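Take a moment with the sequence and the 3D view, then read on.

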Amino acid sequence: QLLTVVLNEWGAESSALARRARASAPASAVSRGKCLGFCQVTPAMSAWELFSLSDQWVSVRQVIRVYSEDNSSRAVEVPSDITARDICQLFVLKNHCIDDHSWTLFEHLTHLGIERTIEDHESVLEVQSNWGMDSDSRLYFRKNYAKYEFFKKPLDFFPENMVSISSEANGLMNHSQLIQTFLNSSTCPEIHGFLHSKEQGRKSWKKFYFVLRRSGLYFSNKGTSKEPRHLQFAAEFCDSDVYTLLSARKTHGAPTDYGFCVKPSKSSSARDLKLLCADDEQTRTCWITAMRLFKFGMQLYQNFIQPHQKQKSSPMRSISENSLVAMDFSGQRSRVIENPSEALSVAVEEGLSWRVRLTCISGHTTAILAIHMAQPWFHSKLSRDEAHKLITQHGLIDGVFLLRDSQSNPKTFVLSLCHTQRIRHFQILPVEDDGELFYSLDDGNTRFSDLLQLVEFYQLNRGVLPCKLKHHCARTTL
């Protein structure tokens, strides 16, 4: 009788519980009939159904731990069918981040020294189920601006000399239509080129001519011949994933740092890795991107367009480079400043007046000189190698940048910027004029009162840089 009373009272509270569940869960989770904080219940459920559902809720939910770049972590309780996109959305909400569709969940296998992007649609618990009991494996939450960039700029990811279309596709195809060729299962695109390969049980690496097709990865035992009798099978992707080697030279003795590997999904042993190494970053990116497309196909494209479709139905503030324009509010009506020279003079004038106002308020210039310290793009004590690693983690696309202190000259700063999948470093020099301190990237020709003004200007104008500043590298603490 006591149990009956308790269950009846529970049934009376089911309506309120259902409302709280829907309010706390992301819309995508509720639409699939699940939520991140509660079981889904309805007022029509009987007490015994609720009792059964509670027992099921306890059995299907698990706790996972997610890390950020600074190795801070957070444990969350999740349902068994949660996807990588669900996890990213959860942490975007919890950390009050701007959702620019670049947040990514990474699988990091420390004992193997490899890492990969977990695709948005993949089941996170299924990925974890393949980890060994004694392995130090982690999930990382950080930005990856290059995750779907190949859909926007395929020519940057697939060099023409590495791509061909087989005769089954009725001859050659326009290279701009290459992505559609990958997504169309009836066509047969092919990636080919030289890669270094390490055989199991041997320390030496050998260079072979590799061919990537829908059926798998092959290498030629006779030069660049693609004849079937000369091609030997190397790997397939139905039950395998492609990973990046985090330290190819140090750990595996690779000839370059641009290593990657193919690992069977169900294996956590180093013996099962197919180790490969490219001569440069662009070549490695081409192979890894093509392997992702061959494995997931149209699902990758659905992952890419899904956030944009939601954004059309519920517009949010854009943070793209096109939303940054120079404006003049000095007259009765505002106007867009299209002339770069005029934009520069207005920016300098506004910066100087703002500097004077802040000096009057603070009484000294310390606050002005240190204003960059609070900016997410500034990383104070970051070495050149650490800056290279951080930018690489955020995705090697044009415009990814950060600012840091110079290690060789304590009075200067360095702008680290990615362009054409290469990272370049530009020194920012202090310039004194009539007792005033400015900063410049071009030996004083273009001067800025502080680093914040410098960054905002080069987000609008390329100037002496190879491209505009588009995406800053920031470390998120969970």
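Predicted model: local features only at pLDDT ≥ 70, side-chain atom pairs only at ≥ 80, totals over all residues.

## A buried glutamate and its surroundings

E115 is buried, with a relative accessible area of 11%; buried means under 20% relative accessible area, exposed over 50% and partly exposed in between, using a 1.4 Å probe and protein chains only. E115 sits in strand β4, which spans residues 114-118. Strands (E, at least two residues) and helices (H or I, at least four) are DSSP runs numbered from the N terminus. The side chains of E115 and H108 are joined by a polar contact of 3.1 Å. A polar contact is a pair of N or O atoms within 3.5 Å; within protein, one must be able to donate a hydrogen and the other to accept it, and residues adjacent in sequence count only if both atoms are side-chain atoms. Leaving aside neighbours within four places in sequence, E115 is in contact with F106, E107, H108, R142, Y243, T244 and L246, where contact means heavy atoms within 4.5 Å.

Residues are numbered from 1 along each chain as its sequence is written, and side-chain values use heavy atoms, with hydrogens and water left out.

The pLDDT is the predictor's confidence in each residue, from 0 to 100. Its mean for the protein is 81, and 77% of the residues reach 70 or more. Confidence is highest in β4, at 97, and lowest in helix α3 (residues 27-31), at a mean of 39. The pLDDT is also below 50 over residues 167-171, a stretch with 4 contacts in the model beyond near neighbours in sequence. Over residues 315-322 the pLDDT is again below 50, and this stretch has 8 such contacts.

## The overall picture

The protein has 16 helices and 21 strands. Of its 478 residues, 49% are buried. Among contacts with a separation of 6 or more, 54% are between residues 24 or more positions apart. The protein exposes about 24,900 Å², with carbon and sulfur atoms supplying 51% of it; these areas come from the Shrake-Rupley method with a 1.4 Å probe, and for residues only the protein chains shown count as cover.

## Inside the protein

Which residues touch the most other members of the largest nonpolar core? They are F158, I191, L217 and W287, in a core of 51 residues. Helix α11 (residues 281-296) gives the largest share of this core, 8 residues. A second, separate core of 34 residues includes V76, L112, V127 and F141. A nonpolar core is a set of buried Ala, Val, Leu, Ile, Met, Phe, Trp, Tyr and Cys residues joined through side-chain atoms within 4.5 Å.

Beyond its neighbours within four places in sequence, I191 is in contact with residues including F158, M162, F182 and W287.

Two helices are also worth a look. Helix α16 (residues 451-460) has 8 of its 10 residues buried, so it is largely enclosed by the rest of the structure. At the start of α16, a side-chain oxygen of D450 reaches to within 3.1 Å of the backbone nitrogen of L452. In α5, 8 of the 11 residues are buried, so this helix is largely enclosed by the rest of the structure too. The buried residues of α5 include R85 and D86.

What about cysteines? A search of the whole structure finds 0 disulfides, a disulfide being a pair of cysteine sulfur atoms within 2.5 Å. For C418, the nearest cysteine sulfur is that of C467, 7.6 Å away. C418 counts as buried, at 0% relative accessibility.

## Positive phi angles and a loop

Most residues other than glycine have a negative phi.

| Residue | Phi | Place | Relative accessible area |

Just after α5, H96 takes a positive phi of about 55°.

Finally, find S185 in the loop between α9 (178-183) and β7 (189-198). S185 is exposed, with a relative accessible area of 63%. The C-alpha atoms of S185 and M298 are separated by 9.0 Å, although the two are 113 residues apart along the chain.
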